[in-house]
Amino acid sequence: MIDPTPYWTWALVTRRGETRKAVRATVEALTRDVGTLGLDAGTAWLPAADPFRVPGPAGPAH
């Protein structure tokens with residue numbers, strides 16, 4: 001694959017007020033090293049309806 005690289009995002013949904021230590025530890029372990037993932041780079045393409053798509057140019061519309 002060459003530019004733009006297609007991506008499909010995922011989301012981890014949790015309760016803001018979660019009190020269970022095991023759940024909070026799991027969320028922390030799954031998200032500890034997650035950053036922007038480069039989804040805002042000019043080389044990334046996300047479907048138009050993707051909720052994590054950064055507004056603006058997103059590569060060719062395929």
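## Ground rules

Since the model is predicted, local features need pLDDT of at least 70 and side-chain atom pairs count only at pLDDT 80 or more, while totals for chains, interfaces and linings use all residues. Numbering starts from 1 along each chain as its sequence is written, and side-chain values use heavy atoms, with hydrogens and water left out.

## Overall layout

The protein chain has one helix and two strands, in the order β-α-β from the N terminus on. These elements are DSSP runs numbered from the N terminus: H or I with at least four residues for helices, E with at least two for strands. Helix α1 covers residues 21-31, and L30 sits in it.

Of the chain's 62 residues, 16% count as buried. Here buried is under 20% relative accessible area, exposed is over 50%, and partly exposed is in between (1.4 Å probe, protein chains only).

## Salt bridges

The count comes to three salt bridges, each a side-chain nitrogen of Lys or Arg within 4 Å of a carboxyl oxygen of Asp or Glu. R32 pairs with E28, with the closest N and O atoms 3.4 Å apart. R32 counts as exposed at 52% relative accessibility, and E28 is partly exposed at 40%.

Shared partners join R15, E18 and R20 into one network. E18 meets R20 at 2.8 Å, N to O, and R15 at 3.9 Å, N to O. How accessible is E18? E18 counts as buried, at 14% relative accessibility, whereas R15 is exposed at 60% and R20 is partly exposed at 47%.

## A nonpolar patch

W10, L12 and L30 make up a nonpolar patch on the surface, with about 340 Å² of accessible area together. Patch members have over 30% relative accessible area and no salt bridge; like charges are joined within 9 Å, and nonpolar side chains (Val, Leu, Ile, Met, Phe, Trp, Tyr) within 5 Å. Areas come from the Shrake-Rupley method with a 1.4 Å probe, and for residues only the protein chains shown count as cover.

## The largest pocket

The largest pocket has a volume of about 270 Å³. Of its 13 lining residues, T9, W10, V34, L37 and L39 are the closest to its centre. A pocket is an open set of points on a 1 Å grid over the protein atoms alone, where a 1.4 Å probe fits, with protein on both sides within 12 Å along at least five of seven lines; lining residues have an atom within 4 Å of a point. The volume is the space filled by probe spheres set on the points, which are joined across faces, edges and corners.

What is the lining made of? Nine residues are nonpolar, four are polar and none are charged. Ala, Val, Leu, Ile, Met, Phe, Trp, Tyr, Cys and Pro count as nonpolar, Asp, Glu, Lys and Arg as charged, and the others, Gly among them, as polar.
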